[in-house]
Amino acid sequence: MEVYKTLAEIPQDELFTGGHGGCRGCGAALAVRQAMKALGPRTIVTIPASCMATIGGSGLSTAWEIPFYHSLFECAPAVASGIRAALDIQGIIDVNVVSWAGDAGTADIGFQSLTGAAERQENIIHVCYDNETYMNTGGQAGSVTPYQAVTPDTPAGKPTPRKDMLAIMAAHHPAYLATASVAYPLDLIRKFQKARAIQGFRYIHILAPCFRGWGIREDQTVQLARLAVECGLWQLYEEIGGRRRLTVVPERRIPVREYLRLQGRFKNMDEAAVEALQAEADRRFQEVQS
Ligand code: SF4
């Protein structure tokens, strides 16, 4: 299938428009804006409780140019499964059905619904926009919050490592699985183009920094998303039929320290914790290269 080769080829049309309710520099808003360039107007999105549920608008105003449905926190993939079934029974097969959740709606509160939809191989795309905290409810830690990150309920730093959601979702044998980053829009958009062209359960996990939760400036969202890839704590790859392929090899590799030091949430991190995260980055880098 054809994918965009350059940024210049990407459509100018916006299906997630300006005037949304997100903070300036919101990684979640960037992620959905980029993804919609590939998904196109024949798309229905379900969104559980999350920043995205409010960013898109409420009441009579919305930034979405497509139908979206606000589900309960725990069931966006189940609702998406129902929408898919309703379309299929009417013979409508050219509509992308997407459940679009944050890390809480994916890895924690929404996980039972997600694992069910993935195991049934529902013909939907589930997207996790991951800002590594529960930003919709005040920035609490969740299971994908990184080791030692300071949050309102882990003031001394999270004592446990981040849960490996990509490994968990890979174990469901999805038709397509990919990681993405708002700092690499062409890579992100291509992955949505590919996902759109494949039938079956598809899972895309996007690192989408939140300046409030990460303790950075609002103009550092893209910079931090890029540094995460360059230090190896976030890799950009895709898996089709269980075969993994790196899609972006960073031009430079930086120590995790350079990524961590810019973020207020890691202000309490001691040397041993930095080394532990460096070891994790090295291990992930080896894994994804193998
Ligand atoms: S709190 Fe974070 S995720 Fe939520 S709208 Fe603001 S920048 Fe985006």
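**Ligand shell and a helix pair**

The ligand is surrounded by Gly22, Cys23, Cys26, Cys51, Ile55, Asn131, Met135, Cys210, Phe211 and Arg212, each with a heavy atom within 4 Å of it. The model is predicted: local features need pLDDT of at least 70, side-chain atom pairs need 80 or more, and totals for chains, interfaces and linings use all residues. Numbering runs from 1 along each chain as its sequence is written, and side-chain values use heavy atoms, without hydrogens or water.

**Ligand site**
- The shell comprises seven nonpolar residues, two polar and one charged. Cys and Pro count as nonpolar, Gly as polar, and Asp, Glu, Lys and Arg as charged.
- Helices α2 (51-55) and α8 (211-214) each supply at least two shell residues. Helices are DSSP runs (H or I, at least four residues).

**Helix packing**
- Helix α3 (residues 76-89) packs on helix α5 (residues 111-119) at about 40 degrees, with axes 7 Å apart. Axes are lines fitted to C-alpha atoms over the stretch in contact, and angles run from 0 to 180 degrees between N-to-C directions.
- Ala76, Pro77, Ala78 and Ser81 of α3 meet Ser113, Leu114 and Ala117 of α5 (heavy atoms within 4.5 Å).
- Five of these contact residues are nonpolar, two polar and none charged.
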